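These notebook entries record what I looked up in one structure. I took up its strands, its cavities and its salt bridges in turn.

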Amino acid sequence: MTLRSRPARTGIALSIGALCAVVLAGCTEGSKNSGSPAEKPPPTSSSSKLPSKPDEKLGKQAEAALDTVTIDDPEFVESGLETLSDGVHAESLLTRGKSYQLGVSCAGSGTAELSVHIKGKPVVRRIECDGTATYERITEASIRLGIDVEGEPGASGMVAWRISEM
């Protein structure tokens with residue numbers, strides 16, 4: 001998962017907290033003191049592996065569709081990039097009462113389902129994985145915004161999303 005946010009935002013605290021949890025979990029696993037160096041665990045398949053060349057190309061295409069606001073712009077809040085097979089499952093912290101715009105782009109093939117959870121009511125839309133952007137306006141935001149994107153059967157590609165202030 002690729003997640004970008006401005007350092008001044010509370011979203012970075014979540015990323016640091018998640019990193020600490022991973023580090024702590026890694027430190028406790030197999031912590032028996034046998035006096036010898038810990039053996040490396042056998043390799044496992046993971047969704048955090050580096051993207052392949054086609055995925056990288058599709059990721060750039062999906063992000064390019066959302067390039068109306070960059071990380072350096074004051075309107076930028078947060079963005080992310082995921083493989084469609086992993087889906088997007090993000091929860092963003094927003095400022096209550098402000099207006100935001102969520103942009104989502106899927107590049108690849110097939111269709112996906114976008115669910116935006118605003119004040120407990122999900123807004124569900126079907127999006128094509130054709131590299132074009134879909135936007136959802138969020139007026140009078142609540143503190144948390146849930147974003148989920150799931151590929152429909154047979155769909156593949158990359159999904160980019162970006163939140164900006166309006």
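The entries below follow the order in which I looked things up.

**Entry 1: the model**

I note at the outset that I am working from a predicted model.

**Entry 2: strand 4 and its partners**

I began with strand 4, which covers residues 100–118. I looked up its pairing with strand 5 and found an antiparallel arrangement over 15 bridges. Within that pairing, A107 faces D130 of strand 5.

I then turned to strand 7, residues 156–165. Strand 4 pairs with strand 7 in the antiparallel sense as well, over ten bridges. Here I recorded L102 opposite I163 of strand 7.

With strand 6, strand 4 forms six bridges, again in the antiparallel sense. For A112, I found the bridge partner in strand 6 to be G151.

**Entry 3: A107**

**Entry 4: cavities**

How many cavities of 30 Å³ or more does the structure hold? I found two. The largest cavity contains about 60 Å³ of space.

I listed the lining of the largest cavity as L66, T68, V69, Q101, G103, Y135, R162 and S164. Strand 4 and strand 7 are the elements that each give two or more residues to this lining. By class, I recorded three nonpolar residues, four polar ones and one charged one.

A search of the whole structure gives six salt bridges.

R162 pairs with D67, and their closest N and O atoms are 3.6 Å apart. The two lie in distant parts of the chain, 95 residues apart: D67 is in the loop between helix 2 (53–64) and strand 2 (76–83), while R162 is in strand 7.

R144 and E91 form a salt bridge, with 3.2 Å between the closest N and O atoms. This pair also joins distant parts of the chain, since R144 is in strand 6 (residues 144–151) and E91 in strand 3 (residues 88–93), 53 residues apart. I found R144 partly exposed at 45% relative accessibility, and E91 partly exposed at 49%.

E152 and R126 form another salt bridge, their closest N and O atoms being 3.4 Å apart. E152 sits in the loop between strand 6 and strand 7 and R126 in strand 5 (residues 121–138), so this pair ties together parts 26 residues apart in sequence. The relative accessibility of E152 is 24%, which means that E152 counts as partly exposed. R126, by contrast, is exposed, with a relative accessible area of 59%.

Note on methods: Residues are numbered from 1 along each chain as its sequence is written. This is a predicted model: local features need pLDDT of at least 70, side-chain atom pairs count only at pLDDT 80 or more; totals for chains, interfaces and linings use all residues. Side-chain values use heavy atoms; hydrogens and water are left out. On a 1 Å grid over the protein atoms alone, a cavity is a set of points where a 1.4 Å probe fits but cannot get out, and a pocket is an open set with protein on both sides within 12 Å along at least five of seven lines; lining residues have an atom within 4 Å of a point. Grid points are joined across faces, edges and corners, and a volume is the space filled by probe spheres set on the points. Helices (H or I, at least four residues) and strands (E, at least two) are DSSP runs, numbered from the N terminus. Ala, Val, Leu, Ile, Met, Phe, Trp, Tyr, Cys and Pro count as nonpolar, Asp, Glu, Lys and Arg as charged, and the others, Gly among them, as polar. A salt bridge is a side-chain nitrogen of Lys or Arg within 4 Å of a carboxyl oxygen of Asp or Glu. Buried means under 20% relative accessible area, exposed over 50%, partly exposed in between (1.4 Å probe, protein chains only). Two strands pair if DSSP finds at least two bridges between them.
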